[in-house]
Amino acid sequence: MAFESLTDKFQNIFSTLKKKGKLSEQDVKLALREVKLALLEADVNFKVVKKFVKDIRERAVGHEVMESLTPGQQVIKIVNEELVKLMGEEKSDLTFSKESPTVYMMVGLQGAGKTTTTAKLAGSLKKSGKKPLLVACDVYRPAAIKQLQVVGGQIDVPVFTMGDKNKPVDIAKAAIESADKNGNNVVIIDTAGRLHIDEDMMGELIEIKENINPQEILLVVDAMTGQDAVNVAENFNEKIGIDGVILTKLDGDTRGGSALSVRAVTNKPIKFACIGEKLTDIEVFHPERMASRILG
Ligand code: GDP
């Protein structure tokens with residue numbers, strides 16, 4: 001799991017704090033310096049770290065902590081609370097439109113795990129009783145269409161394709177009509193991923209968005225790419241507006257910084273975390289549980 005190294009560091013810092021009786025301001029200052037270094041090493045955005053540490057310092061040098069019987073424990077509690085706050089406090093559920101079908105648009109760079117995640121999401125919605133339809137709108141890579149068909153087959157969810165000769169926006173429109181006809185109440189559109197964000201890519205996504213007015217645009221980002229993932233999220237949010245983020249590859253050997261910064265930088269919630277290659281490896285993102293995992 002990600003965060004192992006961050007967790008080790010936090011545990012060291014905390015065990016030093018716990019051993020102390022009363023805490024001096026200097027003790028808190030030193031501990032927070034360590035916290036700051038640990039977060040920067042985990043590739044958390046610099047501005048996010050600065051504010052995080054400042055908020056903790058303000059709370060930690062107050063009366064309630066310095067004069068309490070277990071000041072070390074109090075500081076740990078504050079760090080925990082601030083971590084939860086950083087990741088958005090509450091879990092953020094998917095929303096559904098009043099009229100069927102609910103349409104979700106999946107966006108992201110190539111390799112982030114978008115196609116896999118699209119299928120994971122469909123599988124989990126199917127489990128909760130929905131009837132999803134997957135839509136192949138990546139017309140630039142025939143392999144992408146095939147890939148969606150394969151993963152769709154694995155979870156037994158239909159995949160709508162029109163090959164690679166039509167415009168993505170037209171495919172999306174036709175898919176929604178087909179969903180209407182066939183009783184699919186959720187439509188999940190897999191859009192094209194490119195290696196880099198470019199004008200053409202954004203233009204195409206905006207065209208789809210404006211024509212089909214999706215309930216949610218979900219950005220899939222690779223947690224292994226650290227701060228790059230956060231930059232990608234910021235960029236997509238500015239250009240097309242996103243409703244939520246899905247972090248992939250949190251099972252990997254990642255430093256996990258994106259999980260801690262993406263919400264603070266974009267002000268958009270992380271809705272799901274993906275933790276493996278299997279199509280069941282997706283979970284709702286719970287800030288509180290994630291904070292506990294990080295603190296160990
Ligand atoms: P796309 O280009 O964004 O559509 O990416 P793909 O869905 O093809 O995924 C790229 C690679 O990442 C594939 O080998 C996936 O199996 C892998 N992958 C996707 N999500 C995860 C995840 O949560 N954990 C791990 N370990 N691998 C993942």
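This report looks at the ligand site and the sheet of a predicted model.

## Ground rules

Local features need pLDDT of at least 70 and side-chain atom pairs count only at pLDDT 80 or more, while totals for chains, interfaces and linings use all residues. Numbering runs from 1 along each chain as its sequence is written, and side-chain values use heavy atoms, with hydrogens and water left out.

## Who surrounds the ligand

The ligand has 16 residues around it, and the closest are Gly111, Lys114, Thr115, Thr116 and Glu277 (a residue is near if one of its heavy atoms lies within 4 Å). Sorted by type, the shell has four nonpolar, seven polar and five charged residues; Gly counts as polar here, and Asp, Glu, Lys and Arg as charged. Helix H6 (residues 114–127) gives the largest share of the shell, with four residues. Helices are DSSP runs (H or I) of at least four residues, and strands (E) of at least two.

Eight strands make an open sheet with mixed pairing, in the order S3-S2-S4-S1-S5-S6-S7-S8. Strands S3 (159–160) and S8 (282–284) are the edges, each pairing on one side only; pairing takes at least two DSSP bridges. S2 (residues 132–136) runs parallel to S3 over two bridges, and Leu134 stands opposite Val159 in S3.
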